[in-house]
Amino acid sequence: MSGNIELLNTTLAATRAADRAALIAYLPAGFPTVDGGIEAVKAVIAGGADIVEIGLPHSDPVLDGPVIQTADDIALRGGVRIADVMRTVREAHEATGVPILVMTYWNPIDRYGVERFTAELAEAGGAGCILPDLPVQESALWREHADKHGLATVFVVAPSSQDARLATITAAGSGFVYAASLMGVTGTRASVGAQAQDLVGRTRATTDLPVCVGLGVSNAAQAAEVAGFADGVIVGSAFVKAMLDAPDEAAGLAAVRSLAGELAEGVRKG
């Protein structure tokens, strides 16, 4: 069975044709529970998210700040497994028809087996993977299997990336490019900053792939700012914080749906 890279491509083409950025939401699998996490994904899509990234919880998430680390800890203590991540992708995609990617560090895939992971993700209806710590020069095996199974390979670029390095990264990627708006870990920020706009411009000079910005966006005004220069706006910590701060799961689902609605309005004003 082939994965849904084409659905991802057509979704991003459609938002571009509508002269707006895509809203890409991130939520970890298994948080607050596996079932609750699936409902949270459905809620952000109902609120207006165009694409969703499912985080594979990791005990040492080097890119993630304290909010997502807290959610990962809850998921890991709950016993979340890769099978639960695949179930989250499958059920969320089947219920909504929206492209669903997995964001994961390399070690869990390496231990699980690249062929097994890509085959199962494609079978679940996944659109691809975001791999923040997989060096491009070590990615040939992953890309071979991802291509075979119709999955996007999304690499992360940072403000520190030199232009030649950007060209190497974007030439190897597919789906879109994840532009980290600033140096550091994920989390909400008071300002997304000019670094992100510069990085998007430099990245676009190397590729026709959509360039989507993450790290720091937490409200509609920031979403509108980033949507003014990027093809997609990625929001993670703000959704996770809304779930963490809620008194119960029902309130959390209502909060993330409402936040998605506000951010969806924001990307349409960019």
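The structure is a predicted model, and its chain has an average pLDDT of 92. Two helix pairs are described here: α3 with α11, and α10 with α12.

**Confidence**
- A pLDDT of at least 70 is reached by 93% of the residues.
- Residues 183-190 have a pLDDT below 50, yet this stretch still has 29 contacts in the model beyond near neighbours in sequence.
- Where pLDDT is low, the predicted coordinates should not be read in detail.

**Helices α3 and α11**
- Helix α3 covers residues 66-77 and helix α11 covers residues 237-245.
- The crossing of α3 past α11 is left-handed.
- On the α3 side, the contact uses V67, I68, T70, A71 and I74, while α11 brings S237, V240, K241 and L244.
- Sorted by class, the contact of α3 with α11 has six nonpolar residues, two polar ones and one charged one.

**Helices α10 and α12**
- Helix α10 spans residues 220-227 and helix α12 spans residues 249-269.
- These helices pack at an angle of about 35 degrees, and their axes are 7 Å apart.
- Here the crossing of α10 past α12 is right-handed.
- From α10, A220, A223, A224 and A227 meet E262, L263, G266, V267 and K269 of α12.
- The contact of α10 with α12 is made up of six nonpolar, one polar and two charged residues.

Technical notes
Residues are numbered from 1 along each chain as its sequence is written. This is a predicted model: local features need pLDDT of at least 70, side-chain atom pairs count only at pLDDT 80 or more; totals for chains, interfaces and linings use all residues. Side-chain values use heavy atoms; hydrogens and water are left out. Axes are lines fitted to C-alpha atoms, for helices over the stretch in contact, and angles run from 0 to 180 degrees between N-to-C directions. Helices (H or I, at least four residues) and strands (E, at least two) are DSSP runs, numbered from the N terminus. A crossing is left-handed if the near helix is turned anticlockwise from the far one by less than a right angle, and right-handed if clockwise. Contact means heavy atoms within 4.5 Å. Ala, Val, Leu, Ile, Met, Phe, Trp, Tyr, Cys and Pro count as nonpolar, Asp, Glu, Lys and Arg as charged, and the others, Gly among them, as polar. pLDDT is the predictor's confidence in each residue, from 0 to 100.
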